[in-house]
Structures are given as structure tokens and as C-alpha cells.
Amino acid sequence: RDPNGPIADGALDLPRRLRRNRRADWSRRLVRENELSVNDLIWPIFVIEGENVREPVQAMPGVERLTVDLAARAAEEAASLGIPAIALFPFTAPELRDPTGSEALNSDNLVCRALKAMKAAAPDVGLITDVALDPFTSHGHDGLMDGERILNDATVAVLVRQALTQAEAGADVIAPSDMMDGRVGAIRAGLDDAGLSHVQIMSYAAKYASAFYGPFRDAIGTRKALIGDKKTYQMDPANGDEALREAELDVAEGADMLMVKPGLPYLDIVWRLKERFGMPTYAYQVSGEYSMICAAADNGWIDGELAMVESLMAFKRAGADGVLTYFAPAVAKRLKAG
Ligand code: PBG
């Protein structure tokens, strides 16, 4: 036979041809292993002081900081789209920030007022609050400081009070993102002692010291304030086994759900945690991941809608039970439209 000549289809003697199952849409649907559903989505939102104001977040196209009244409308939108839960992040007025993050303990702070308004507007939407001091500290760190040192145990004591403040205002899920040792157990005990044993804990079990949080720090106004970096508490991106040890402690201390953050660069960690613990496991597709997809799409370099859906499907394939994503409303609308 002429080695450069045409080869008839079927000429190769292949008993297995993986392309057969891919040849038509009905067949691809039939063999599909994972499905993305609205039930997989957690929508992170940013709240600000004021009324009826939407403030665009510069580095996150399509994302806005919302005043409390509009956060309540967002909760209604989540309800009508079927998004199960919203995660709240406050932009604290600079004059309310101090070295100890005392505004975090104010039962009438922005987060608490937003929780109440959102619960009243959409009682069936789960509300998740971030426990960490960085939105409230003048130095932008997640904990209390002694000089340059972040104090672990003293911080945990404050985080317990912060968690109670949020739970009393109506938070359904407490999500500690501070990475202090022992905080999950201390928060669990604090909630139980206060008669709040029904409040769930989603621990940022494996949270890495990542460059992908940049746009978020702009959104809550901590980027310029932050002194140094967070490497003494957030994890080293080089480590995988350590994530298992972090998660093991959080499970033992009473976490109800585990989270990995950032998302796509850490799919191996999502997979390992899910395999090892079989816990409800979530990934946080963080601000920088969102911004990268939007920026490339805005330049016409990738199809933003397809990249959004593909990235979220990747989390499902890696074993995640859900994803915190700024794309939540967009993808929910897409899913609803079929
Ligand atoms: C703060 C916190 C951060 C994020 C969520 N909670 C930033 C940080 O640790 O500096 C990042 C989320 C995102 O980038 O979307 N404790």
C-alpha cells in the first residue's frame, strides 16, 4: 500500500474506538459522567454602607458592591434562580477599622444588618459568613498582632465572638477563613454553649497564601492596607499532604463542610480531601480566577461563557459538592434557560 495514500475509514483494525460514544449529542449526553446543577452554586457578594447603590468592583467585571437594601434584592434573586446559598463579604468603612478589628464584634455592623435584611427578604436562602478579622483591621491581617507576629490563641478567642455575633444575626453557616489553629473547635464549642448547635461550620480547611486573591482585596479595601503577606497562617502552595492534616483537624473539631481555596489551581487538593474524608467538599473559585476568565473573554481571546461552564464542570469532576463562584447568577440563568 502507498504509505502516503488515503486510508479508508475502518481500515485500522481497532476493537476499541472511544470516539464512537462521542459521535452525536444524544450519545454524549448519555455517557456524561458529571452534571452541573444550580444546587452546586454558592454566590459570594460584597456589601457596602448606603442605600440603593451598586458600586462596580474595578478588577471584577460584572461584580458590584451592594448596599444592604440591594443585598436583600440579591437574596430574592438567588431564591428565584434556585441558588441555595450566598456568602457575604463586607467593605468596612476605613474609619471603623482598627488594630483589633473591633467592628467585627459590633452586633449592628454591616454584615449583621445585611444578614437580617436578606433573611427577611428570602428566608429560604442559606447565608454564609466569613469569619476572619481582615475586613475590620487597619493592618489588613486576619488576626490580632503583636508587632509583626499574628497571635493565634488570642485571635481564636475573638473569632469565636465574631462567629457568635454573626450567628445571632441570622448566619446559617459560619465559614472561618482565617487559618488560625484550633478555631473550628473553639467556634463549635462557642456556638453550642450559646444554644446555636444548629448553625453549620464550613471550614476553609485548605486555604493557600495565593496571588489569586488580589481583586477580592480591592473589593473589600484591604489590598493597600495589608502589611507584608499571610504566609505565617495561610498554606504554602507547594504543599498537598499538609492539606490533609489541616482537613483532618477541622473534621475532628466539628466542621460540617470542607472548603479548598483557590479553586482551579488546587483541584488535586479537592480530589484528595473528598477521597480521604468523604465530607461535603467545596471549592472557592476566587476573585483572580474570575477576573482572568473575564479579562481573556473581554479581549476576545476565549469564549467567556464556555470557559465559565467548563471551569465549573472541572470542580464537579474533581469531586466537589459545590463551588463558591462569582459566576453563580450568570450560570444559574444559563442553566435555567437550558
Ligand atoms: C479573607 C478572605 C479572602 C478571601 C476570602 N476571605 C482574602 C484573603 O485571605 O486575603 C478571598 C476570596 C477571593 O479572592 O475571591 N479572610
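**Figure 1. Contacts of Lys207 and Lys261.** Beyond its neighbours within four places in sequence, Lys207 is in contact with Ser177, Met179, Gln234, Met235 and Lys261; two residues are in contact if their C-beta atoms, placed from the backbone, lie within 7 Å. This is a predicted model, in which local features need pLDDT of at least 70 and side-chain atom pairs count only at pLDDT 80 or more, whereas totals for chains, interfaces and linings use all residues. Residues are numbered from 1 along each chain as its sequence is written. Lys207 belongs to strand β9 (residues 200-207), and Lys261 to strand β10 (residues 257-261). Helices (H or I, at least four residues) and strands (E, at least two) are DSSP runs, numbered from the N terminus. With sequence neighbours within four places left aside, the contacts of Lys261 are Tyr204, Lys207, Tyr208, Tyr284 and Val286. The UniProt annotation "active site", from an unreviewed entry, covers Lys207 and Lys261. Although spread over 55 residues of sequence, they cluster in space, with a largest C-alpha distance of 4.9 Å. UniProt positions are given in the numbering used here, feature names are shortened, and annotations may be inferred rather than shown by experiment.

Why do Lys207 and Lys261 count as buried? Lys207 is buried because 27 other C-beta atoms lie within 10 Å, and Lys261 because it has 23 C-beta neighbours inside 10 Å. A residue is buried if 20 or more other C-beta atoms lie within 10 Å of its own, exposed if 12 or fewer, and partly exposed in between, with C-beta atoms placed from the backbone.

**Figure 2. Surroundings of the ligand.** The ligand is surrounded by Asp130, Ala132, Asp134, Asp142, Ser177, Tyr213, Phe216, Arg217, Val286 and Ser287; a residue is near a molecule or strand if its C-beta atom, placed from the backbone, lies within 6 Å of it. This shell divides into four nonpolar, two polar and four charged residues. Ala, Val, Leu, Ile, Met, Phe, Trp, Tyr, Cys and Pro count as nonpolar, Asp, Glu, Lys and Arg as charged, and the others, Gly among them, as polar.

**Figure 3. Strand β12 and its partners.** Gly322 and Leu324 point one way from strand β12 (residues 322-325), Val323 and Thr325 point the other way, and all are buried. In a regular strand the side chains alternate between the two faces of the sheet. Strand β1 (residues 41-48) runs parallel to β12 and is joined to it by two bridges, with Leu41 opposite Val323. Strand β11 (residues 281-285) also pairs with β12 in the parallel sense, over four bridges, and here Tyr282 stands opposite Gly322. Two strands pair if DSSP finds at least two bridges between them.

**Figure 4. Packing of helix α8.** Helix α8 (residues 267-277) has the buried residues Ile269, Val270, Arg272 and Leu273. These buried residues pack against β9, α7 (241-252), β10, β11 and α10 (304-317). Just after α8, Gly278 takes a positive phi of about 60 degrees.

**Figure 5. The loop residue Thr137.** Thr137 is found in the loop between β5 (126-131) and β6 (144-146). Thr137 counts as buried because it has 26 C-beta neighbours inside 10 Å. Which residues touch Thr137, leaving aside its neighbours within four places in sequence? Thr137 is in contact with Arg97, Pro99 and Gly101. Thr137 and Gly101 are 36 residues apart along the chain, and their C-alpha atoms are separated by 4.3 Å.
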